[in-house]
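Subject: Structure for your review

Dear colleague,

Please find below the structure that I am handing over to you. My notes on what was found in it follow directly after.

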Amino acid sequence: MHSSTYKVLILGFAVIGLSACGDDGATGATGATGATGPQGAQGATGSQGPTGATGATGAPGATGSQGPAGATGPAGPGISWVDVTGTSMQMVSDTGYLADNAGQVTLILPANPAIGDLIQVSGVGAGGFKIQQNSGQQVYVGLKNVLWVPHASPQTWNAIAASADGTHLVASDGASLFTSADAGNSWTQGASSGAGWVSLASSADGTKLIAGQNGAPISLSVNSGATWTAQAVPSIVWQGVASSADGTKLYGFGFDGNAQTSSVYASFNAGAAWAQIVVPSSDIWVAMAASSDGVHLMLAGFDPNSGLRDVYVSANSGTNWSHPLSGTFTNWSSVAMSSDGTRMYAAGAGQVAISSDSGATFAAASQGDSGNYNYPIVTSGDGSTVFTAGSALSLSTDAGGTWTGLAAAPLQLSALVVSQDGLHLFGSVSDGYIYNPSAISTAGTSGLIMGTQHQSLTLQYVGGGQFMLTQNEGQLEVE
């Protein structure tokens, strides 16, 4: 009995031991996050980053006020004056001369001046002075400052034409033709006409001439007017003629008194053959002009029924025509154009119309001469220098932009022509003389300028053998 009780006790111990070595129990849930602790102290500042790109430049600031003017420099050397009591003297640069003699004093220009050198001359004595040039020298004076010297004898001059350089001329007094080979200084009487010469034109070299008569055919000369040949055209009043520079394209317009109509004829082979040009108008033509190549043409006329005035232009030697100036009451009586036909001018009744696009459009010029509209307008080859004669002669050197009256010019010029360079002008007065003022002296030793007592001038050397008139008192004679 005692022994059985002991065994039970051991077994109870074993049960207790097995219970301690069994599987682990499940993990418990995570507890809630605790509250954030206080912020720690600020760390040290990091290193500076790279410099950014440069911004745009700001606007310039206002200009500062002008500083005080500098001191005036010393006076220049001035002009030293020489009293010339003899009849001649060789001049030196930057010197003034008093021409102080009862006879004319000849003063010779410096042979080797420097650019900018000055010469001054005053006429003190009764003989006045003459400025003599050296070889290769020339003096530009300008047409505003020259004396209009008469040439030829008084005649009833009604037409004049010139070569491109102005050395060869032909003029008409109606009954006869006169020619000059020395820029109008001397004249030779040539062909006569019982019908009467009324219009003239010349080739650029002056050898080929065309002349229109009053009720007789057009005549041509190929030897500067020495001989003339009648052309195969009607015997009508050939009021206007024109020629290309080489003399191969010739034009003429005339009035048939019996039919009371105007006709235009052309020759494209120097007069070998002529044909009538058809102009789509019944106008009575009064003026004509042609370009140097004979391609561009101008005609001015009026409608005998309405009295309205027109200007017609052609850009193909008369094959086609337009009339940009049409249906006006302006008495267009004279036309002119540049050598290339780009610039065109029409004048009449105190008005001038200008085209710079070969006649496509015209605009009124500022020329305000209200004189007789029958007097002419002429232009230089480039169309920049323009002269128009009404009650007085006016000059434009900017293609008609502005005009200046030439007070020394004769009044009521009946005919006018200008050289291609615009420097040599030839004008005639009916029942008067032929005048040929020049803006520039003849080059070389034959060129000269003359002044009278109480006249003066200042010349400045501008290089290339040329002196320029910068100041003068009185009108000078230029040859």
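Strand E4 (residues 105-108) pairs with strand E6 (residues 129-132) in the parallel sense, over 4 bridges. Within this pairing, Val105 stands opposite Phe129 of E6. E4 is also joined to strand E2 (residues 88-90), again in parallel, by 3 bridges. There, Gln90 has Ile108 of E4 as its bridge partner. Please bear in mind throughout that this is a predicted model.

An open sheet of 4 strands has the order E13-E14-E15-E16, with antiparallel pairing. Its edges are strand E13 (197-202) and strand E16 (229-230), each of which pairs on one side only. Between E13 and strand E14 (residues 209-213) there are 5 bridges in the antiparallel sense, and Ser202 stands opposite Leu209 of E14. As a general point, the side chains of a regular strand alternate between the two faces of the sheet.

Turning to the aromatic residues, the structure holds 9 aromatic pairs. One of them is formed by Trp197 and Trp228, whose rings lie 6.0 Å apart, centre to centre, with 40° between the planes; this pair is tilted. Trp197 belongs to strand E13, while Trp228 is in the loop between strand E15 (219-221) and E16; the pair thus links distant parts of the chain, 31 residues apart. Are these two residues, Trp197 and Trp228, buried or exposed? Both Trp197 and Trp228 are buried.

A further pair is made by Tyr251 and Phe268. Why is the pair of Tyr251 and Phe268 classed as edge-to-face? The ring centres are 6.1 Å apart and the planes stand at 70°, so the pair falls in the edge-to-face class, for which the angle must be over 60 degrees. Tyr251 lies in strand E18 (residues 250-256), and Phe268 in the loop between strand E19 (261-267) and strand E20 (275-277); here too distant parts of the chain are linked, 17 residues apart.

The two partners are placed as follows. Tyr251 has 0% relative accessibility and therefore counts as buried. Phe268, at 47% relative accessibility, counts as partly exposed. Phe268 has another contact to note: the charged end of Lys249 sits over the ring of Phe268, 5.9 Å from its centre. Elsewhere, Trp148, Tyr433 and Tyr435 form one aromatic cluster.

The structure holds 2 cavities of 30 Å³ or more, and the second largest cavity has about 60 Å³ of space. Among the residues that line this cavity are Leu209, Ile210, Leu220, Ser221 and Leu250. E14 and E15 are the elements that give two or more residues to this lining. By class, the lining of the second largest cavity comprises 6 nonpolar, 3 polar and 1 charged residues.

The second largest pocket holds about 450 Å³ of space. Of the 25 residues that line this pocket, Ala183, Asn185, Ser438, Thr442 and Glu479 lie nearest its centre. How many nonpolar, polar and charged residues are in the lining of this second largest pocket? The lining has 9 nonpolar, 11 polar and 5 charged residues.

Yours sincerely

Terms used
Residues numbered from 1 in each chain as written. Predicted model: local features only at pLDDT ≥ 70, side-chain atom pairs only at ≥ 80, totals over all residues. Heavy atoms only, no water. Pairing = 2+ DSSP bridges. 1 Å grid on protein atoms, 1.4 Å probe; cavity = no way out; pocket = protein on both sides within 12 Å on 5 of 7 lines; lining within 4 Å. Points joined across faces, edges and corners; volume = space filled by probe spheres on them. Nonpolar A, V, L, I, M, F, W, Y, C, P; charged D, E, K, R; others polar. Phe/Tyr/Trp six-rings, centres within 6.5 Å; stacked < 30°, edge-to-face > 60°. Buried < 20%, exposed > 50% of the residue type's maximum accessible area, 1.4 Å probe, protein only. Lys NZ or Arg CZ within 6 Å of the ring centre and 35° of its normal.
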